[in-house]
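Work through the exercises below with the sequence and the 3D structure at hand. Try each task before reading its solution.

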Amino acid sequence: MVRPARLMRSAVGRFFEYDTPKIVHIQSLHIGITYRFVQLVIISYVIGWVLVYKKGYQETDNVESSVTSKVKGVVLTNFTLDPNATADEEKLRVWDTADYVIPPQENGAFFVTTNIIMSPNQEQGICPEDYSSRQLGASCSTGFDCPSGSKSANGVRTGTCNNATSTCDIRAWCPVEKDVEPQSPVLQGTEDFTVLVKNQIFFPKFRVRRRNILDGFAKNASYLDSCLYHPSADPFCPIFRLGDIIALAQENYSTIAVKGAVIGFVIEWECNLDLSVESCLPKYSFRRIDNADDVIAKGWNFRYANYWTDTVGRQSVQRRTLIKAYGIRFVFYVYGVAGKFNIVPLATNLGAGLALLGLVRLL
Amino acid sequence: MVRPARLMRSAVGRFFEYDTPKIVHIQSLHIGITYRFVQLVIISYVIGWVLVYKKGYQETDNVESSVTSKVKGVVLTNFTLDPNATADEEKLRVWDTADYVIPPQENGAFFVTTNIIMSPNQEQGICPEDYSSRQLGASCSTGFDCPSGSKSANGVRTGTCNNATSTCDIRAWCPVEKDVEPQSPVLQGTEDFTVLVKNQIFFPKFRVRRRNILDGFAKNASYLDSCLYHPSADPFCPIFRLGDIIALAQENYSTIAVKGAVIGFVIEWECNLDLSVESCLPKYSFRRIDNADDVIAKGWNFRYANYWTDTVGRQSVQRRTLIKAYGIRFVFYVYGVAGKFNIVPLATNLGAGLALLGLVRLL
Amino acid sequence: MVRPARLMRSAVGRFFEYDTPKIVHIQSLHIGITYRFVQLVIISYVIGWVLVYKKGYQETDNVESSVTSKVKGVVLTNFTLDPNATADEEKLRVWDTADYVIPPQENGAFFVTTNIIMSPNQEQGICPEDYSSRQLGASCSTGFDCPSGSKSANGVRTGTCNNATSTCDIRAWCPVEKDVEPQSPVLQGTEDFTVLVKNQIFFPKFRVRRRNILDGFAKNASYLDSCLYHPSADPFCPIFRLGDIIALAQENYSTIAVKGAVIGFVIEWECNLDLSVESCLPKYSFRRIDNADDVIAKGWNFRYANYWTDTVGRQSVQRRTLIKAYGIRFVFYVYGVAGKFNIVPLATNLGAGLALLGLVRLL
């Protein structure tokens, strides 16, 4: 019975024993200065850089975001689909949102047509290939230049050469598109279109929700109906003029409008949740993403078509209007980091800092 | 020859020398208790929080995800495009997937129309601006109120005031859309539509692949054809009723259906790959993303149009049917983190923990 | 006056004092070997794995990416919309980009139709349900099998049974689609289509911009017009043949073309910015994402429609052509990490390593 008690006492004694290394004090000005200086550098680094500047005491969370956009504006062109229209009046055409935003909604992006090549009322048939087409083998002198069944830019060659155009006859949607290099935008005035952008963000870890239409303005319909974003004068208005966006991206609208471009619409949220959540505000910036100097497929364009069937007597003919749309593709990039005090990153960063301090002693 | 050997022996001796600090044992109950307590706290923190709760011994990887969706269902409306239809029978119209899912596919999202304002058979021309349009300057008393060339909501003013409507005449797609605030959804019964969601995920670092159609069900076509997701009764069925989704997002379907909404369709994968990969299962949740209290552009709607050309004799007229579609935009958010034992994070976390323990001794 | 001076001197003395633990040298071959071995392991781990292999001395940044794509190619089918076409010639039809890329642009993805079920010139009316429809309750013997107002796959039942087809009469877009399991792709030769992919990336932290069209090639229009991606022969050509992509994804094109698939188009950028930025190059890989063994909704398809209005006399009838498109959905995944020397991660990793070394001494 005596022994366990003694063991116990011994164990308890050991448990509350405190070990400390025997320290030798060395007084040396030279070593001392170096030592303190290196210590100072490391402490400054840990406190100044890691903890204060990089906010190493905060747990961070990435943003979850949703963006919707709505473009407004109309333009008038003297562009017409009807080749028989003669009077200037008949050539006028108004373009509204449904005409120039294609497709009508996209996830995280939107497109505004600025220039257009329209090939109205095409139908399946045989017709000469487009001469302006840069494709090799469009031109011909005899049918031997047009091997039957071989593929051309817009269709499949039939084996004959069209004397009138000196291009191969092809089976295609006829008449084929005249693919000319555009010189000036058909839709003039698209820089005055405005876009309402709604961005909702959410930090799942902190359960914090923010949106770019600030609470102070959210109830103010007349302000939101009439305001216009300006980087300094009105930095929180959610309505942007396209021309302003392009100017802020350091680009020239009338140049871009000819062949299109891809523009990054960046929304940044940097949220220090140790402060008031009200100080967590969106910051907008814009930059051109595609390369202005591309030698192939410069700018941004794509083709789409509207289809219908003409019923004449017993015959029905499927027709389409082909549209080659040049324009500006806006892609949203939403960045956001939220930070909030948390013991875990603080301990990790302190720990690593202390280990560095230990390193000094070894040296 | 003697010297190098001696040096060598000396070097070898040094190499296998082990340095240990001379330790002073201090027996003090007070310091001992404090010391052990702080040690305990740090060890508990490192082991309990960092290693066990936060799984600090695991290497993690983020998910790569692909989602496709397919909506099913039909509704019948007594809504018609033909203004000459008189019999009730003629006004009936069936809407299927191709009619209400616009655009037919989107990357990471899908849209279901719940309400609609249709402006059939518009053509370019001159007609009075819509009176109900909330835009300023729609109404007029004389032509002076309608400066020629100025822009209205739906077109460009011609300079004359239409006496019949007391609004400016505009050049536009005519007749212009009657933009009334919708009171009830035109498409009744959309809450019974179902959507099949297929989500494939991949953790590149671990080469692990999972999908939301679990292997146990994947071969069971009759189960997959008839099941319906329920958070507790059937949490792994990949088919969701729209009404259930909205209810789980704590929203009222009939309210949302009027003006539309943006709903987050969240799929979460938390995978501990140290356990069986079979325990890596999807968890669904839903939440409304847009703000229900917005004063401008509340809910979610957009305009699109179908185009065709009417050929009458030698004249061809381009026409369109403009559709303002209100509806629910579902946006997928797929989150996933996989963890697997790895020596690197274990070492890093242990190292930081030990450094903290060293801190205690200094104090 | 003496005292502060002495205190001062004492404090200054203390400040430049250097403490070092008294060290005991223990000479033991056994402990020495173990000690040095463990030290070696840890040092190798810290230097070899953390610093060299994992580049722990680098600050990293994630990529911001934008991808646009442009598909080229035409195919000829002997597929026609006109049921009255009799001559083989009349049945020929050419398909171009606007016909088979639906929708014309998507954010981070594109779709190429490979197979099609077309239901031309549908209008609202009453017609028998499709018999081949796998839906339960399509077939009937009397009107009692077709409860009026109940929903069928393509429409709403009227309460009568159509004797000719033994299926319920439904109110729907008529005639309804004949939903047969496709056996071979209608569009033959889509594997020869090519796609030009433009990928611009940006590392915001380092302000570094790269694109997949390398500077060396960017000015060389003739190379870019004629090159074709090959994993070893031409790994930086931005033009890809669809058939090659599918082959590199280890799939069979003619199998996939029947019912469609989802293919991941992976672009990886691993950039060590301590080296020349020119060595930061894209790496392409491809993999099938959807499950080839799915029992429901196998592959990838969706329905869309083209709408128009037929005006006959005073009556206008809305019609549509319904298209069920099977095809390959390419989804872009752009990964990229850039690393650059930075003192912060180096210090953190060194700190954690040193702490581990300290652990050895304790043991």
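The exercises that follow concern a predicted model, and each task comes with a worked solution.

**Exercise 1. Chain A in outline**

Task: State how many helices and strands chain A has, and what percentage of its residues is buried.

Solution. 
Step 1. Count the elements: chain A has nine helices and 16 strands.
Step 2. Turn to burial. Chain A contains 363 residues, and buried residues make up 52% of them.
Step 3. Look at how contacts span the sequence. Taking the contacts in chain A between residues at least 6 apart in sequence, 69% join residues that are at least 24 apart.

**Exercise 2. The largest cavity**

Task: Find the largest cavity, give its volume, and say which strands contribute to its lining.

Solution. 
Step 1. Search the whole structure: 13 cavities of 30 Å³ or more are found.
Step 2. Take the largest cavity, whose volume is about 590 Å³. It is lined by 28 residues, and the closest to its centre are A:Asn306, B:Ala305, B:Asn306, C:Ala305 and C:Asn306.
Step 3. Assign the lining to elements. Strand E15 (301–312) of chain A, strand E15 (301–312) of chain B and strand E15 (301–312) of chain C each supply at least two residues. E15(A) gives the most, with five residues.
Step 4. Sort the lining by residue type: 24 residues are nonpolar, three are polar and one is charged.

**Exercise 3. The annotated binding site**

Task: List the residues of chain A that the UniProt annotation "binding site" covers, and say which of them is included in the lining of the largest cavity.

Solution. 
Step 1. Read the record. The unreviewed UniProt entry places "binding site" on A:Lys70, A:Val71, A:Lys72, A:Thr194, A:Asn301, A:Phe302, A:Arg303 and A:Lys324.
Step 2. Check their spread. These residues extend over 255 residues of sequence, and in space their C-alpha atoms are up to 24.4 Å apart.
Step 3. Compare with the cavity: its lining includes A:Arg303.

**Exercise 4. Two residues of the annotation**

Task: Are A:Lys70 and A:Asn301 buried or partly exposed, and what do they touch?

Solution. 
Step 1. Locate A:Lys70 in strand E4 (residues 64–72) of chain A. Its relative accessibility is 25%, which lies between the limits of 20% and 50%, so A:Lys70 counts as partly exposed.
Step 2. List the contacts of A:Lys70, leaving aside neighbours within four places in sequence: A:Thr194, A:Val195, A:Leu196 and B:Asn301.
Step 3. Locate A:Asn301 in strand E15 of chain A. A:Asn301 is buried, because its relative accessible area of 7% is under 20%.
Step 4. List the contacts of A:Asn301, not counting residues up to four places away in sequence: A:Lys324, A:Ala325, A:Tyr326 and C:Lys70. With C:Lys70 there is a polar contact of 2.5 Å between the two side chains.

**Exercise 5. Two aspartates of chain A**

Task: Which side chains make polar contacts with the side chains of A:Asp99 and A:Asp310?

Solution. 
Step 1. Find A:Asp99 in helix H4 (residues 97–100) of chain A. At 3% relative accessibility, A:Asp99 falls under 20% and therefore counts as buried.
Step 2. Setting aside neighbours within four places in sequence, A:Asp99 is in contact with A:Arg93, A:Val94, A:Tyr304, B:Trp173, B:Tyr307 and B:Arg320.
Step 3. Pick out the polar contacts of A:Asp99. Its side chain meets that of B:Trp173 at 2.7 Å and that of B:Tyr307 at 2.3 Å.
Step 4. Find A:Asp310 in strand E15 of chain A. A:Asp310 is also buried, because 11% relative accessible area is under 20%.
Step 5. The side chain of A:Asp310 makes a polar contact of 3.4 Å with the side chain of A:Trp308. Beyond four places in sequence, A:Asp310 is in contact with A:Gln315, A:Ser316, A:Val317, A:Arg319, B:Thr309 and B:Thr311.

**Exercise 6. A phenylalanine of chain B**

Solution. 
Step 1. B:Phe217 has 26% relative accessibility and so counts as partly exposed.
Step 2. B:Phe236 is 19 residues away from B:Phe217 in sequence, with 9.0 Å between their C-alpha atoms.

Note on methods: Residues are numbered from 1 along each chain as its sequence is written. Chains are lettered from A and ligands numbered from 1 in the order in which they are written. This is a predicted model: local features need pLDDT of at least 70, side-chain atom pairs count only at pLDDT 80 or more; totals for chains, interfaces and linings use all residues. Side-chain values use heavy atoms; hydrogens and water are left out. On a 1 Å grid over the protein atoms alone, a cavity is a set of points where a 1.4 Å probe fits but cannot get out, and a pocket is an open set with protein on both sides within 12 Å along at least five of seven lines; lining residues have an atom within 4 Å of a point. Grid points are joined across faces, edges and corners, and a volume is the space filled by probe spheres set on the points. Helices (H or I, at least four residues) and strands (E, at least two) are DSSP runs, numbered from the N terminus. Ala, Val, Leu, Ile, Met, Phe, Trp, Tyr, Cys and Pro count as nonpolar, Asp, Glu, Lys and Arg as charged, and the others, Gly among them, as polar. UniProt positions are given in the numbering used here, feature names are shortened, and annotations may be inferred rather than shown by experiment. Buried means under 20% relative accessible area, exposed over 50%, partly exposed in between (1.4 Å probe, protein chains only). Contact means heavy atoms within 4.5 Å. A polar contact is a pair of N or O atoms within 3.5 Å; within protein, one must be able to donate a hydrogen and the other to accept it, and residues adjacent in sequence count only if both atoms are side-chain atoms.
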